[in-house]
Each structure stands twice: as structure tokens, then as C-alpha cells.
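This report goes through one chain by region. It begins with a single residue and ends with the chain as a whole.

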Amino acid sequence: MKALVLAEFGRLDVVEYPDPVAASGEVLVAIAHTGICGTDLHGYTGANGRRVPGMVMGHETAGVVAAVGDGISGFAPGQVVTVNPVVVPTDDAQAWRGREQQHPG
Ligand SMILES: [Zn+2]
């Protein structure tokens, strides 16, 4: 697969990675479209501190489920999906509850 990677502040590279697989507890999404937002632009320049060199860019994305790992229910290959790119460790979920971009349930 190809990914747009922040090689260094002010430079993006298209990098080839091995095709991912859905591990246990994961959903693999075949990305169809990804937007570029202001956060990405400021990350590209290094102005906001939210991106570091080596990161794959683009966090507003949509695609279809390509595979589901063990223990996943409610998703099936071919289903159109988007993602919430904010990842919170399960142990910290209570502390994050109610914050912007964090689902309260
Ligand atoms: Zn954004």
C-alpha cells in the first residue's frame, strides 16, 4: 500500500508499505478518500506539534471494510465506514469521556 508520510517538516513522501492485515480486535479499512485539513497543514510545517516526522498523514478518511479481526462484531467486508482518529487507551477512557471528538458512550 502507498502512504503519504511526513518525511520532515515541509516535506512529504509517498512511501510503499507492506499490505496490512486485520489483527485480533481490529478492522482493516481500504481507504477510498482522505481529506487534508488545517491540522494537517500546521502539522506539515511543524507549527502545531501534533505531527512528527515518520507519521502517515491524513486523519479525515473514509473507505470500506476490507477485513475484520477476531473478536470484532458489527462490521463486515464491503461496509462503508469512516473513523474517529482520536485513539484513547481503554484504561483512560473514563478520563476522556465528554471531551471534544470523544464519544461519551
Ligand atoms: Zn482534521
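Ala7 has a relative accessible area of 27% in this predicted model, and because buried means under 20% and exposed over 50%, Ala7 is classed as partly exposed. Ala7 belongs to strand 1. Apart from neighbours within four places in sequence, Ala7 is in contact with Leu12, Asp13 and Pro53. Gln94 is 87 residues from Ala7 along the chain, and the two C-alpha atoms are separated by 35 Å.

Ala3 is also placed in strand 1. With a relative accessibility of 6%, Ala3 counts as buried. The C-alpha atom of Ala3 is separated by 22 Å from that of Ala47, a residue 44 positions apart from Ala3 along the chain.

The partner of strand 1 (residues 2-8) is strand 2, and the two pair in the antiparallel sense over six bridges. One of the bridge pairs is Leu6 with Leu12, the latter in strand 2. Two residues lie between the strands of this hairpin, and Gly10 takes a positive phi near 95 degrees there. Strand 2 (residues 11-16) has the highest mean pLDDT among the elements of the chain, at 97.

**The zinc site**

Which residues coordinate the zinc ion? The donors are Cys37 through SG, His59 through NE2 and Glu60 through OE, at 2.0 to 2.3 Å. Their spacing in sequence is C-x21-H-E. Cys37 sits in the loop between strand 3 (27-35) and helix 1 (38-45), whereas Glu60 is in strand 4; the pair therefore ties together parts that are 23 residues apart in sequence.

Cys37 counts as buried at 15% relative accessibility. Glu60, at 42%, counts as partly exposed.

Not counting residues up to four places away in sequence, His59 touches Thr34, Cys37, Thr39, Asp40, Arg51 and Pro85.

**Thr61 in strand 4**

Thr61 is found in strand 4, which covers residues 60-68. Is Thr61 buried or exposed? Its relative accessible area is 12%, so Thr61 is buried. The side chain of Thr61 is joined to that of Thr34 by a polar contact of 2.8 Å. Ile31, His33, Thr34, Thr82 and Val83 are the residues that Thr61 touches when those up to four places away in sequence are not counted.

| Side chain | Partner side chain | Polar contact |
|---|---|---|
| Thr61 | Thr34 | 2.8 Å |

**The annotated span**

An unreviewed UniProt entry places the feature "domain: Alcohol dehydrogenase-like N-terminal" at residues 24-90. In the model, this span is 12% helix and 31% strand, and its end C-alpha atoms lie 16 Å apart.

**The chain as a whole**

The chain contains two helices and five strands. Their order from the N terminus on is β-β-β-α-β-β-α. Along its principal axes, the C-alpha trace spans about 40 × 35 × 20 Å. The chain has 105 residues, of which 16% count as buried. If contacts are taken between residues at least 6 apart in sequence, 51% join residues at least 24 apart.

Confidence is summarised by an average pLDDT of 88 for the chain, with 92% of the residues scoring at least 70. Among the elements, helix 2 (residues 93-96) has the lowest mean pLDDT, at 75. Where pLDDT is low, predicted coordinates should not be read in detail.

Technical notes
Residues are numbered from 1 along each chain as its sequence is written. This is a predicted model: local features need pLDDT of at least 70, side-chain atom pairs count only at pLDDT 80 or more; totals for chains, interfaces and linings use all residues. Side-chain values use heavy atoms; hydrogens and water are left out. Helices (H or I, at least four residues) and strands (E, at least two) are DSSP runs, numbered from the N terminus. Buried means under 20% relative accessible area, exposed over 50%, partly exposed in between (1.4 Å probe, protein chains only). A polar contact is a pair of N or O atoms within 3.5 Å; within protein, one must be able to donate a hydrogen and the other to accept it, and residues adjacent in sequence count only if both atoms are side-chain atoms. Contact means heavy atoms within 4.5 Å. Donors are N, O and S atoms within 2.8 Å of the metal (3.2 Å for Na, K and Ca); water is not among the atoms, so sites may look incomplete. pLDDT is the predictor's confidence in each residue, from 0 to 100. UniProt positions are given in the numbering used here, feature names are shortened, and annotations may be inferred rather than shown by experiment. Two strands pair if DSSP finds at least two bridges between them.
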